[in-house]
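Trainee: I would like a close look at one part of this model, please. Could you take me through it step by step?

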Amino acid sequence: MSARVIPLHDARPLRVAPAAVAGLPLGDALGRPLHDLRISVTDRCNFRCGYCMPKQVFDKHHEFLPHADLLSFEEITRLAHVFVGLGVEKLRITGGEPLLRRHLETLIEMLAQLRTPDGRELDLTLTTNGSLLARKAGALKAAGLRRLTVSLDGLDDAVFQRMNDVGFPVADVLDGIRAAQAAGLGPIKVNMVVQRGVNDGQILAMARHFRHSGVVLRFIEYMDVGATNGWRMDQVLPSAEVQRRIAAEWPLAPLSHSAPGETAERWAYADGGGEIGLISSVTQAFCGDCNRARLSTEGRLYTCLFATRGHDLRALLRGTAPVDDGQLAGAVAGVWQGRSDRYSQLRGQGQSTPNGERRVEMHYIGG
Ligand code: SAM
Ligand code: SF4
Ligand code: SF4
């Protein structure tokens, strides 16, 4: 089967406007500030998690982006600099699997030099499936990465291998987590996507394993991202149920949010075993304070995880008429100021993608 998935519709062209940025923080149409930028550095992955890149679709016939289409490290750094000038304080490198991008440490090193307009360091972090982490943790830390998040959906090999669908063993991800802790990339967060009937039997084992370890385990509700994962509401295990199951074993006490726009509801083990996070993207939409922009592998700006179109920043960078950083900032600011996305909230009210178009795939814009 030739299953070329075209993750995008036409990109939205961007007008180069003179910078009209009227002070920070830059608010969108619903008053939400621009604070986080997620940067996808590759659309490739060595896993085939069914909820993200199902094997039947992303098979050997799938054409990934040619290298020339990817933003270069210089282009990514230039855009990140522009976003930081507009108020971004947190950069998350993601993918696809970001550690598959060659010489990623070089990009980390370049991004680690950026400072906020008032001279502060950025919160520079990365999300990875952990498969290459044991080898790369030291170099990432040396390059200036501050912390990281590892995705792991279970401790039982049969369950985890069914989920990653490439037979990747749990032990190697755990080795990666240990290496990252040893390298000083803590506190490590571990993301577990919970699918009812697939890995919800792993919730307590995961909680037990990461209690008292310094790792913050976060449970994510299975989301209807993209157009290929065959999402069904009956496979979503509400976070409230995760919380109930864990609290029945180890009592929990609520913690306050650590930062504005933080997606996870935080809970502490009452016995001092550390904390967990619950990300209720489906049952309790958090669009109200969503402050995240996403830069796709080929340089399109997305203002929502469920967007159908991105804004083509690469065309500005590579166009025949050179643009300066002020013009880039004007273009980005214009997009952000016009943003009114709140997909999860609308889904909660029974509405679907507003224009009925196909949604972008998650591995392409990052989680
Ligand atoms: N490959 C890296 C990884 O898996 O950590 C980074 C990219 S991945 C797209 C980023 C995050 O999105 C992961 O934690 C993954 O579990 C999560 N994710 C992917 N598809 C999802 C879905 N349908 N629902 C909820 N989370 C999802
Ligand atoms: Fe790859 Fe991450 Fe998607 Fe899994 S969730 S297929 S590891 S990009
Ligand atoms: Fe943000 Fe879109 Fe998710 Fe709402 S649905 S929280 S706007 S990314």
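Trainee: Which residues of the largest nonpolar core touch the most other members?

Mentor: Happy to go through this with you, and please keep in mind that the model is predicted. The largest nonpolar core has 93 residues, and those that touch the most other members are Leu-91, Ile-177, Phe-219 and Ile-246. Take Ile-177 as an example: leaving aside neighbours within four places in sequence, Ile-177 is in contact with Leu-133, Val-150, Leu-152, Ile-188, Val-190, Phe-210 and Val-215. There is also a second, separate core of 16 residues, with Leu-65, Ala-307, Met-362 and Ile-365 among them. As background, nonpolar side chains tend to be buried together in soluble globular proteins.

Now for the sheet. Twelve strands form an open sheet with mixed pairing, in the order β7-β8-β9-β6-β5-β4-β3-β2-β1-β10-β11-β12. The edges are taken by β7 (252-254) and β12 (311-312); each has a single partner strand, so one side of each is left without a neighbour in the sheet. Further in, β8 (residues 265-269) pairs with β9 (residues 275-279) in the antiparallel sense, over four bridges. Within this part of the sheet, Glu-265 stands opposite Leu-278 in β9. Helix α7 (residues 239-249) packs on the sheet and touches β6 (216-221), β7, β8 and β9. The direction of α7 makes about 155 degrees with that of β9.

Note on methods
Residues numbered from 1 in each chain as written. Chains lettered and ligands numbered in written order. Predicted model: local features only at pLDDT ≥ 70, side-chain atom pairs only at ≥ 80, totals over all residues. Heavy atoms only, no water. Pairing = 2+ DSSP bridges. Helix = DSSP H or I, 4+ residues; strand = E, 2+ residues; numbered from the N terminus. Contact = heavy atoms within 4.5 Å. Axes fitted to C-alpha atoms, helices over the stretch in contact; angles between N-to-C directions. Core = buried A, V, L, I, M, F, W, Y, C linked by side-chain atoms within 4.5 Å. Buried < 20%, exposed > 50% of the residue type's maximum accessible area, 1.4 Å probe, protein only.
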